[in-house]
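I opened this notebook to record what I looked up in a model of two protein chains. The entries follow the order in which I worked.

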Amino acid sequence: MKSLAELEQIRKQTLERINLRKEDKGELTRIVIGMATCGIAAGARPVMHAFMDELNKRQLQHVTVSQTGCIGMCRLEPMVDVITPDGNKVTYVHVKPEMVPRIVAEHVVNGRPVEEYTIGAAEAQ
Amino acid sequence: MRDISLHLSDIVQNSITAGASRVDIGFRLDENRVLTVSVRDDGCGMSEDLLRRVQSPFTTTRTTRKVGLGIPLLTQNAQLSGGDVRIESKVGEGTLIEAAFHTDSIDCLPVGDLAETMATLVLSNPDRPDFILTCTSPDGEMQFSTEEIRAALGGVSLAEPEVYQWMLASLREEIEPILGGIMK
């Protein structure tokens with residue numbers, strides 16, 4: 001493996017960041033990606049990577065990315081739920097990596113869901 | 001699935017559902033250009049009855065519906081290349097699934113972005129299980145182990161973005177020299 005010594009550096013930096021995060025008491029936004037057979041086949045893995053990339057670029061502290069199984073609407077995969085601290089959940093469908101920066105900027109950061117990517121917009125067509 | 005690494009993302013989910021605490025993943029390319037992909041877990045294992053039925057798309061452990069396509073799709077793609085899938089399992093001990101791909105076949109899928117598969121697997125399952133990836137080919141060998149990373153991080157979660165980026169870069173760098181010829 002690449003030098004484990006680098007990890008010591010990462011450990012220190014991350015601990016500092018975690019302490020800062022504890023102090024400023026922001027509430028958590030959760031991003032949940034459907035990663036069952038249907039989601040993976042439709043391209044969920046690069047979408048998950050795109051979220052990690054974007055969060056890292058913007059150094060967002062109060063966002064977690066996790067996965068879930070099959071949500072039951074395989075034809076709409078890749079699907080992503082964004083759950084904001086107020087408890088509201090917005091479901092995005094047919095998500096592609098190119099859509100991720102806009103979802104992060106407009107919804108996660110500024111609190112305005114990207115209407116045209118949501119399940120509501122897809123089903124209205 | 002478009003490539004073998006996506007099948008891996010999918011198949012490993014079975015080990016996680018089986019409650020594994022350790023998952024050993026192997027990519028072994030031999031001199032005859034046969035790639036053997038193996039996933040061995042120490043999860044709950046399968047009964048003989050379930051093992052007999054597991055290749056069927058109408059077998060699944062989930063209760064929300066009656067189809068499960070992970071193993072059948074993997075088998076289909078292995079067989080298209082002239083290879084096959086083999087599964088061993090014992091209740092209480094774990095499961096081994098091995099897929100052989102003849103990489104010289106025109107119908108063989110590429111390996112794909114194995115680094116991204118591993119990094120997202122760890123990101124999605126930061127607490128357990130431990131993942132150990134071993135890649136071997138005539139060009140060399142590499143190993144990646146979350147046991148070692150976990151020990152080195154001493155309490156920092158494997159899901160932290162910095163750790164994710166480090167794992168991804170480290171995996172990319174080390175897998176390329178070994179499986180580079182069959183990745184795309």
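**Entry 1. Chain A in outline**

I note at the outset that this is a predicted model. I began with the secondary structure of chain A and counted five helices and four strands. Reading along the sequence, I wrote down the pattern α-β-α-α-β-β-β-α-α. I then looked up the extent of the C-alpha trace of chain A, which spans about 50 × 35 × 20 Å along its principal axes. Chain A has 125 residues, of which 31% are buried. Among the contacts in chain A with a separation of 6 or more, 67% come from residues 24 or more positions apart.

**Entry 2. The sheet of chain A**

In which order do the four strands of the chain A sheet lie? I read the order as β2-β1-β3-β4, in an open sheet with mixed pairing. The edges are formed by β2 and β4 (89-92) of chain A, each of which pairs on one side only. Direction ignored, neighbouring strands of this sheet are turned by 20° against each other on average.

I next examined one pair within the sheet. Strand β1 (residues 29-34) of chain A and strand β3 (residues 80-83) of chain A are antiparallel and share four bridges. In this pair, Val32(A) stands opposite Asp81(A) of β3(A).

Two helices were then checked against the sheet. α3(A) packs on the sheet and touches β1, β2 and β3 of chain A, its direction making about 170° with that of β2(A). Helix α4 (residues 100-109) of chain A also packs on the sheet, touching β1, β2, β3 and β4 of chain A. The direction of α4(A) makes about 30° with that of β3(A).

**Entry 3. The sheet of chain B**

I turned to chain B and found an open sheet of six strands with mixed pairing, in the order β3-β4-β2-β1-β5-β6. Its edge strands are β3 (85-90) and β6 (140-145) of chain B, each pairing on one side only. The twist from one strand to the next averages 10°.

Strand β5 (residues 130-137) of chain B has partners in both β1(B) and β6(B). With strand β1 (residues 22-29) of chain B, β5(B) runs parallel and is joined by seven bridges. Arg22(B) stands opposite Asp130(B) in β5(B). With β6(B), β5(B) runs antiparallel through six bridges, and the two strands form a hairpin with two residues between them. I recorded Leu133(B) as standing opposite Phe144(B) in β6(B).

Helix α6 (residues 161-179) of chain B lies across β1, β5 and β6 of chain B and runs at about 150° to β6(B).

How do helix α4 (residues 114-124) of chain B and α6(B) pack? Their axes are 8 Å apart, and the packing angle is about 150°. That angle makes α4(B) roughly antiparallel to α6(B), because angles over 145 degrees count as such. The crossing of α4(B) past α6(B) is right-handed. On the α4(B) side the contact includes Leu114(B), Met118(B), Val122(B) and Leu123(B). On the α6(B) side, Tyr164(B), Met167(B), Leu168(B) and Leu171(B) are among the residues involved. By class, I noted 11 nonpolar, no polar and two charged residues in this contact.

**Entry 4. Between the chains**

I then looked up the interface, where 25 residues of chain A are in contact with 29 residues of chain B. On the chain A side, the elements giving two or more residues are α1 (5-24), α2 (37-42), α3 (44-58) and β2 (63-68). Of these, α1(A) gives the most, with eight residues. The chain A side has 12 nonpolar, eight polar and five charged residues.

The axes of α3(A) and α6(B) come within 10 Å and cross at roughly 120°, which makes α3(A) oblique to α6(B). This crossing is left-handed. Met52(A), Leu55(A) and Asn56(A) of α3(A) make the contact with Pro161(B), Tyr164(B) and Gln165(B) of α6(B). I recorded four nonpolar, two polar and no charged residues here.

Notes:
Residues numbered from 1 in each chain as written. Chains lettered and ligands numbered in written order. Predicted model: local features only at pLDDT ≥ 70, side-chain atom pairs only at ≥ 80, totals over all residues. Contact = placed C-beta atoms within 7 Å. Nonpolar A, V, L, I, M, F, W, Y, C, P; charged D, E, K, R; others polar. Pairing = 2+ DSSP bridges. Axes fitted to C-alpha atoms, helices over the stretch in contact; angles between N-to-C directions. Parallel < 35°, antiparallel > 145°, perpendicular 65-115°, else oblique. Left-handed = near helix turned anticlockwise from the far one by under 90°. Buried ≥ 20, exposed ≤ 12 C-beta atoms within 10 Å, placed from the backbone.
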